[in-house]
Amino acid sequence: MTALLSTFTLTALPPHAAAFRTQVRDFLSSHMPVLPPQVRARSWMGFDAAFSRALAARGWVGITLAPEYGGAGLDPFCRFVLVEELLAAGAPVSAHWIADRQSGPLIQRYGSEAQKRRYLPAICRGEGFFCIGMSEPDSGSDLASVKTRATRLPGGGWRLSGRKIWTTNADRCHYMLALVRTSGQAGDRQQGLSQLVVDLTLPGITIRPIRDLAGDAHFSEVTFDDVELDADALLGNEGRGWEQVNAELAFERSGPERLYSSVVLLDSLLAALRRQPAARRDHLMVGRVLAQLAVLRAMSITVTARLADGASPLVEAAVVKDLGTTLEQSIPSTVEAALGACPALASDADLYRTLAYVAQIAPSYSLRGGTREILRGMIARGLGLR
């Protein structure tokens, strides 16, 4: 426990990251579309290719990727600031989100030179959108139970068959980075897995959008029916997919986005309370939320510092993600309590609409990027408890 806690040493954002924040805010003031809060609350799921391309033109898609592949070559601190400002504003980031956060960095780490030259510049131009091919029907959180299979073709390519589900924006993306089985399942199920880059325009691919409780259809089920892929679809080494997918999940869990999914709703409540001065002193619960957010933000910056040092803080990122999603999921109930205690807030229609959306989508916060149970297992192993 002491060893784990010692890694959360208070770390300040360096001066260059603070200066970068001003640039991001200036960009948002001129490029951010005017949207009501109930739309901005969909920031993670807000798909706006034109906005992503404008961000890319500024050099901020693929922000940490190497300049020789079109990236900005900036450090994780700058990415922290960029993500924090985008989510605080409720910017529609979904189009480029996955490619910038994990697919691009993973290709840069494990891809061949030809793959880097092919995919990374497109990502950095906002012209190469990626989705994640991990989850499968009937598998729950058991990622090692992958049944989608790729078999070698005589010419060196691959034949891909199977299904993926809960695939965000599959119907709008150009590529999927898919975890598939390429060899037998005897013994350790984590062996025999590989990652393939799949062009989603290929014949044999069927994409069926899934509508969620909030009325959106950003999820899809993707079926591969004997899809033929070139030999260079393989990312990294055959059979090393488990190692690679865990590196990908580390990218996914390590950013500040695990704190800010409900931030537009929280900001809407604070704005409403400012218009009702007498109500503010009755809502210490809001102060508790802000205090927890401040602590978790400091912990997230510490994880960012570890990334900047070249470390892979898997357990630390799991801790922040678990605590962060717990806080995010508590915010709708905090807003509901405030509405019940202050009838004057009932006239704020935008607040109600934003609450309605976030309350419906918040249960998913502890599912994406690894369920709470999976993360707590990782944390227990990191503490030597299992």
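**Helix packing around α12**

Author: In this predicted model, the axes of helix α12 and helix α14 (residues 372-382) cross at roughly 140° and come within 9 Å. The crossing of these two helices, α12 and α14, is left-handed. On the α12 side, the residues that meet α14 are Leu314, Val315, Ala318, Val319, Lys321, Asp322, Thr325, Thr326 and Gln329. Their partners in α14 are Arg372, Leu375, Arg376, Met378, Ile379 and Gly382.

Helix α12 (residues 314-341) also packs with helix α9 (residues 263-274), at an angle of about 20° and with the axes 10 Å apart. Because angles under 35 degrees count as roughly parallel, α9 and α12 are therefore roughly parallel to each other. The crossing of α9 and α12 is left-handed. Here α9 contributes Leu265, Leu266 and Leu269, which meet Ile331, Pro332, Val335 and Ala338 of α12.

A further helix, α2, may be described by its own length and faces. Helix α2 comprises the 17 residues 15-31, which at 1.5 Å a residue should span 24 Å; the end C-alpha atoms lie 25 Å apart, in agreement with that expectation. Within α2, Ala17, Phe20, Arg21, Val24, Phe27 and Leu28 are buried. These residues cover an arc of only 130° around the axis, so they lie on the same side of α2. An α-helix has 3.6 residues a turn, and residues three or four places apart therefore point the same way. The face of α2 turned away from the buried side carries the exposed residues Pro15, Ser29 and Ser30.

Key: Residues are numbered from 1 along each chain as its sequence is written. This is a predicted model: local features need pLDDT of at least 70, side-chain atom pairs count only at pLDDT 80 or more; totals for chains, interfaces and linings use all residues. Side-chain values use heavy atoms; hydrogens and water are left out. Helices (H or I, at least four residues) and strands (E, at least two) are DSSP runs, numbered from the N terminus. The expected span of a helix is 1.5 Å times one less than its number of residues. Buried means under 20% relative accessible area, exposed over 50%, partly exposed in between (1.4 Å probe, protein chains only). The arc is that of the directions from the helix axis to the C-beta atoms. Axes are lines fitted to C-alpha atoms, for helices over the stretch in contact, and angles run from 0 to 180 degrees between N-to-C directions. Angles under 35 degrees count as roughly parallel, over 145 as roughly antiparallel, 65 to 115 as roughly perpendicular and the rest as oblique. A crossing is left-handed if the near helix is turned anticlockwise from the far one by less than a right angle, and right-handed if clockwise. Contact means heavy atoms within 4.5 Å.
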